[in-house]
Amino acid sequence: DAFLEVLRRRDFAALTGAIGIVRRIELQPAIGALGDLVGHQDPAVRLAAVETLGQLGTPGALSLLERGVDDADRAVRLAGVGIVANRGYKGALKRLEAVVQGKGPHELERAERRQFFEAFAIVAGPKGLPMLAEILEPKGMFRRKESPDTRTCAAYAIARIKTAEARDVLERVAADKELSVRNAVTRALREWDA
């Protein structure tokens, strides 16, 4: 109880150290306090809280770390999206989908955007293929074509789905006029066969 009280004191100087102890001893009763710390003003505390919730891995812990996927700090976002992908946590699907649709709350660089796209593919599974295929290979005369970077991210994400339909989509765009898209598709198909 005393230790949990320390976690509730947001101004405690050694808060990240205390969170590290929770992680080491896997203190399940601390999940609620850690969930509150995902909203702390210090990015280091938020990162430690997200990582610890991910290690605890209970459904309650994963639902609390979900806010980390939308965090203002890049390191916290990457930790959150990595945990969500590794755990296949479907509760974060709406947040991942928002980024894939270009409606996320933050501007992401290509490497980070790719992680979000791949996490979406892992969590959504085959049900996410139509959305990703539409980004990679837009159909219709009036359909807006996404940027080459976004289409590249979609190609890598489609490769994560690992179905015959996903492979068909990649093979259809293997000769795309954009070099970065062609390279992504070639690399994805090569890794698929490995």
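Modeller: Here are the fold, the core and the surface, in that order.

Colleague: Where do these values come from?

Modeller: This is a predicted model: local features need pLDDT of at least 70, side-chain atom pairs count only at pLDDT 80 or more, and totals for chains, interfaces and linings use all residues. Residues are numbered from 1 along each chain as its sequence is written, and side-chain values use heavy atoms, with hydrogens and water left out.

Colleague: How many helices and strands in the protein chain?

Modeller: 12 helices and zero strands. Helices (H or I, at least four residues) and strands (E, at least two) are DSSP runs, numbered from the N terminus. The C-alpha trace spans about 60 × 30 × 25 Å along its principal axes.

Colleague: What about the largest nonpolar core?

Modeller: That core has 65 residues. It is a set of buried Ala, Val, Leu, Ile, Met, Phe, Trp, Tyr and Cys residues joined through side-chain atoms within 4.5 Å. Buried means under 20% relative accessible area, with a 1.4 Å probe and protein chains only. Leu7, Leu96, Leu132, Leu136 and Leu170 have the most contacts inside it.

Colleague: Which helix gives the largest share of this core?

Modeller: Helix H10, residues 148-161, with eight residues.

Colleague: And what is Leu132 in contact with?

Modeller: Leaving aside neighbours within four places in sequence, its partners include Val100, Phe117, Phe120 and Ile161. Contact means heavy atoms within 4.5 Å.

Colleague: Now the whole chain. What percentage is buried?

Modeller: 45% of the 194 residues.

Conventions
Buried means under 20% relative accessible area, exposed over 50%, partly exposed in between (1.4 Å probe, protein chains only).
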